[in-house]
Amino acid sequence: MFTKTLPVAAAIGLFLAGTAQAAGRDYISIVGSSTVYPFATVVAEQFGKTTEYKTPKIESTGSGGGFKLFCAGVGVEHPDITNASRAIKASEIEQCAANGVTEIVEVKIGYDGIAIANSKAAPQFQLTRRDLFLALAAKVPNPDGTQTLVENPYKMWSDVDANLPKIAIEVLGPPPTSGTRDAFAELAMEGGCKTFDWIKEMKHADKKAYKGVCHTVREDGAYIEAGENDNLIVQKLEANPNALGVFGYSFLEQNADKVQGSLVDGIAPEFETIANGEYPVSRPLFFYVKAAHVAGIPGMKEYLAEFTSDKAWGDEGYLADKGLIPMPKAEREQYAADVAALKPLAK
Amino acid sequence: MNNQTASTPPSTMEKVSAGMGRRYARERRFRVYGMLAVTLGMVFLATLLFSIVSKGYSAFQQTYMELEIHFDPEVLGIQDPNNAAQISGADYPGLVKASLRAEFPEVSNRRDKRTLYGIVSSGAAFELRQMVMQNPALLGTTQRLWVLADDDVDMLVKGHIDRNVEESGRRMSDLQIGWIDHFLDAGRMELRFNTVFLTAGDSREPELAGIRSAITGSLLTLLVTLSLSFPIGVAAAVYLEEFAPTNRWTDLIEVNINNLAAVPSIVFGLLGLAVFINFFGMPRSAPLVGGMVLTLMTLPTIIIAARAALKSVPPSIREAALGIGASKMQMVFHHVLPLAMPGMLTGTIIGMAQALGETAPLLMLGMVAFIVDIPGGVTDPATVLPVQIYLWADSPERAFVERTSAAIMVLLGFLVVMNALAVLLRKRFERSW
């Protein structure tokens with residue numbers, strides 16, 4: 001009996017739901033990077049609790065996936081803001097423009113350090129970016145000093161640098177789909193790569209080959225892709241004192257009793273050294289706002305104001321408590337002013 | 001055979017008894033292998049359950065601390081106690097801070113004060129706000145109240161932060177531990193049942209995070225799935241089993257249904273993204289779309305189970321019904337369907353349990369999202385329990401580890417109940433002929 005009425009009820013329900021959606025949206029829709037997610041969600045929660053607006057919905061899609069959704073068009077069915085752990089690419093700006101998303105406001109929110117850490121049971125590593133490049137690149141300059149590239153021959157850290165411990169190279173890190181991996185390749189490996197003058201020359205001659213040399217991670221088992229879950233890497237480091245792990249600074253801060261960050265170029269990954277730019281492996285984090293949505297979606301202006309207020313992203317704001325490294329005061333004020341005025345990206 | 005008289009050929013009996021020992025040994029070995037397989041499975045299961053329960057049980061308790069709060073209108077900045085806007089926007093964190101300062105007057109430098117304020121959860125201020133908004137008469141009074149402690153304090157009290165590690169490697173400094181001990185010694189800090197975990201939505205503060213929004217999302221999604229897949233599945237099964245002619249088309253359909261049951265669920269997610277969201281323009285992150293995709297996923301399971309149930313109804317019942325003049329439809333709806341119903345429901349419940357534990361297709365539909373507000377309908381943004389587990393497993397805060405396991409326990413609880421229900425239905429109502 002009820003088998004007859006249920007489909008009818010379901011059909012009516014679907015119809016009503018469809019019409020309700022067309023009416024509009026009363027919450028902010030945010031997509032993007034899983035690195036920015038833990039920070040954006042804190043702001044969203046604060047915003048939801050302290051204002052009359054609904055708590056924004058934040059999806060964790062990754063930076064690239066976020067831009068794809070963000071650039072799909074203007075209108076309530078498309079997200080208002082996308083978070084990114086890298087700056088928007090020219091190709092993405094074009095993609096946006098092709099779909100009518102022309103006014104994009106860029107907001108830098110602060111920095112995130114990438115820690116290269118190992119278990120507290122083992123001695124602390126003192127690395128240079130050059131060491132990291134030599135230990136982890138697929139192809140490295142020939143150890144005999146000639147200007148040729150060979151398959152990475154290094155098995156032990158002591159092969160890379162006699163001062164490093166005599167243990168096998170074993171690094172757990174994120175897979176290529178991760179923004180953290182991109183940043184690690186760009187900041188740490190390329191940083192070390194550039195110290196070879198003849199490779200640096202390549203950058204002008206053949207940029208693609210240069211990137212190929214500097215960014216390609218070896219695949220012979222020395223670098224282990226440990227998945228996107230940084231907690232898992234911490235657990236594995238605890239179990240294996242000989243391994244090093246690559247993950248975001250906030251995980252290092254939370255697990256300071258289990259793992260220690262290695263010094264990179266003599267600088268330890270600490271709040272102060274990342275904030276003042278001394279620690280070399282750190283990257284800026286961003287979010288991008290669709291200016292066309294600011295008027296139509298309730299609470300957009302207020303959300304932006306909350307994010308760019310000193311109690312959120314300031315030196316002692318709640319984002320700093322969660323591990324975000326704040327920008328210098330002048331830069332913060334600059335961005336806050338630009339956001340308030342909705343100053344679009346320069347084309 | 002024909003040379004039986006030749007020199008002592010072994011008789012059949014002798015041959016049999018010679019091999020007997022080996023045959024018994026083989027059988028015993030086989031049994032041992034079977035037992036080993038079962039034991040191994042049980043060991044894995046026990047390890048899994050032990051690791052989840054031992055990590056997760058502590059999340060059902062939470063550290064509360066007693067503070068003496070003086071609802072001072074001056075600290076709050078309320079001039080007019082009848083002004084609702086003033087009460088709502090008042091400085092409630094200030095009350096908590098004032099109370100802590102009164103508790104530890106010796107803390108004077110700015111940095112220490114900041115760490116001191118950190119031992120109380122930021123949720124405490126919202127709780128006070130709630131209280132005053134409900135009862136403005138509290139203004140000016142002094143109350144002893146139990147409020148939530150910060151997640152780091154909670155981890156220390158539960159022993160997840162080791163006091164014996166050197167100070168630099170610990171998330172709590174000796175100073176903070178001193179303050180906490182002050183409360184513990186006075187009996188003003190204790191573990192209580194964690195109601196927040198069951199009644200709140202997601203939060204980035206572990207002590208304020210709960211699974212209610214995820215459970216509501218899961219229920220809404222399952223509601224959509226059930227109300228679509230059950231009628232469609234049963235109708236399809238009845239038609240295919242009772243009415244459809246047997247020809248190449250019905251064979252093709254049958255093969256396809258069996259194939260669909262084995263398609264990885266992520267494929268349904270991609271389909272849902274392309275059809276429901278991109279083509280029909282339905283909202284992202286909504287239980288409606290999630291439920292529709294899960295319907296596609298569970299339909300084959302339900303159809304196959306329902307057809308099996310229909311098949312098991314003996315033909316004599318159909319013939320008897322037709323024999324006394326029932327139409328084919330009356331025969332199906334009055335006699336066959338009621339008898340097949342327990343089997344169909346069992347299949348449906350198992351399909352629902354599958355849908356409840358599903359994450360992969362929902363990744364595509366934007367249900368991997370931070371949802372604080374409890375969803376009120378099928379078009380509100382929502383997430384589901386397994387996705388909540390995935391999101392917490394990826395959070396840096398230590399206190400989310402136990403919450404992840406606790407959420408898994410709740411999910412397993414739901415699954416056990418659903419499967420037990422399926423077994424019960426089968427035991428009680430299924431008839432055998």
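Author: A definition comes first: two strands pair if DSSP finds at least two bridges between them. The coordinates are those of a predicted model. Strand S2 (residues 57-59) of chain A and S4(B) run antiparallel and are joined by 2 bridges. In this pairing, the residue of S4(B) that stands opposite A:Glu59 is B:Ala369.

Reader: Which element gives the most to the side of chain B that touches chain A?

Author: The contact between the chains takes in 32 residues of chain A and 34 residues of chain B. On the side of chain B, helix H10 (212-243) and strand S4 (369-370) each supply at least two residues. With 5 residues, the element that gives the most is H10(B).

Reader: By class, how many residues on the side of chain B that touches chain A are nonpolar?

Author: That side of chain B has 8 polar and 8 charged residues. The nonpolar residues there number 18.

Reader: What box do the C-alpha atoms of chain A fill?

Author: Chain A has 16 helices and 13 strands. Of its 347 residues, 43% are buried. Among contacts in chain A with a separation of 6 or more, 73% come from residues 24 or more positions apart. Taken along the principal axes, the box filled by the C-alpha atoms is roughly 75 × 60 × 45 Å.

Reader: What distance separates the centres of domain 1 and domain 2 of chain A?

Author: The assignment gives domain 1 as 26-111 + 283-340 and domain 2 as 113-282. Taken over C-alpha atoms, the centres of these domains of chain A are separated by 30 Å.

Reader: How many residues on the side of domain 1 of chain A that touches domain 2 of chain A are polar?

Author: In this contact, 14 residues of domain 1 of chain A meet 16 residues of domain 2 of chain A. The side belonging to domain 1 has 4 nonpolar and 3 charged residues, and its polar residues number 7.

Reader: In the contact of H5(A) with H7(A), how many residues are charged?

Author: From H5(A), the residues involved include A:Arg129, A:Arg130 and A:Asp131. They are part of a set that meets A:Ala188, A:Met189, A:Gly191, A:Gly192 and A:Cys193 in H7(A). The contact has 7 nonpolar and 2 polar residues, and its charged residues number 3.

Reader: How many of the residues of H5(A) are buried?

Author: Helix H5 (residues 129-136) of chain A is mostly covered. Its buried residues include A:Arg129 and A:Asp131 as well as A:Leu132, A:Phe133 and A:Leu134. Out of 8 residues in H5(A), the number buried is 7.

Reader: Why is S10(A) largely enclosed by the rest of the structure, and which residue in S10(A) stands opposite A:Leu172?

Author: Strand S10 (residues 244-248) of chain A is largely enclosed because 5 of its 5 residues are buried. Strand S4 (residues 104-119) of chain A runs antiparallel to S10(A) over 5 bridges, with A:Ile116 bridged to A:Val246. Strand S8 (residues 171-173) of chain A pairs with S10(A) in the parallel sense over 2 bridges. There, the residue opposite A:Leu172 is A:Gly245.

Reader: Is A:Val76 buried or partly exposed?

Author: A:Val76 is found in the loop between helix H3 (63-70) and strand S3 (81-84) of chain A. Leaving aside neighbours within four places in sequence, A:Val76 is in contact with A:Gly24 and A:Arg25. A residue is buried if 20 or more other C-beta atoms lie within 10 Å of its own, and exposed if 12 or fewer. With 17 such atoms, A:Val76 is partly exposed.

Reader: Where does B:Met172 lie, and is B:Met172 buried or exposed?

Author: B:Met172 lies in the loop between helix H7 (151-157) and helix H8 (174-185) of chain B. Beyond neighbours within four places in sequence, its contacts are B:Asp152, B:Leu156, B:Ile161 and B:Ile177. The C-alpha atoms of B:Met172 and B:Leu156 are separated by 8.0 Å. Because 24 other C-beta atoms lie within 10 Å, B:Met172 is buried.

Notes
Residues are numbered from 1 along each chain as its sequence is written. Chains are lettered from A and ligands numbered from 1 in the order in which they are written. This is a predicted model: local features need pLDDT of at least 70, side-chain atom pairs count only at pLDDT 80 or more; totals for chains, interfaces and linings use all residues. Two residues are in contact if their C-beta atoms, placed from the backbone, lie within 7 Å. Helices (H or I, at least four residues) and strands (E, at least two) are DSSP runs, numbered from the N terminus. Ala, Val, Leu, Ile, Met, Phe, Trp, Tyr, Cys and Pro count as nonpolar, Asp, Glu, Lys and Arg as charged, and the others, Gly among them, as polar. Domain bounds come from an automatic or database domain assignment.
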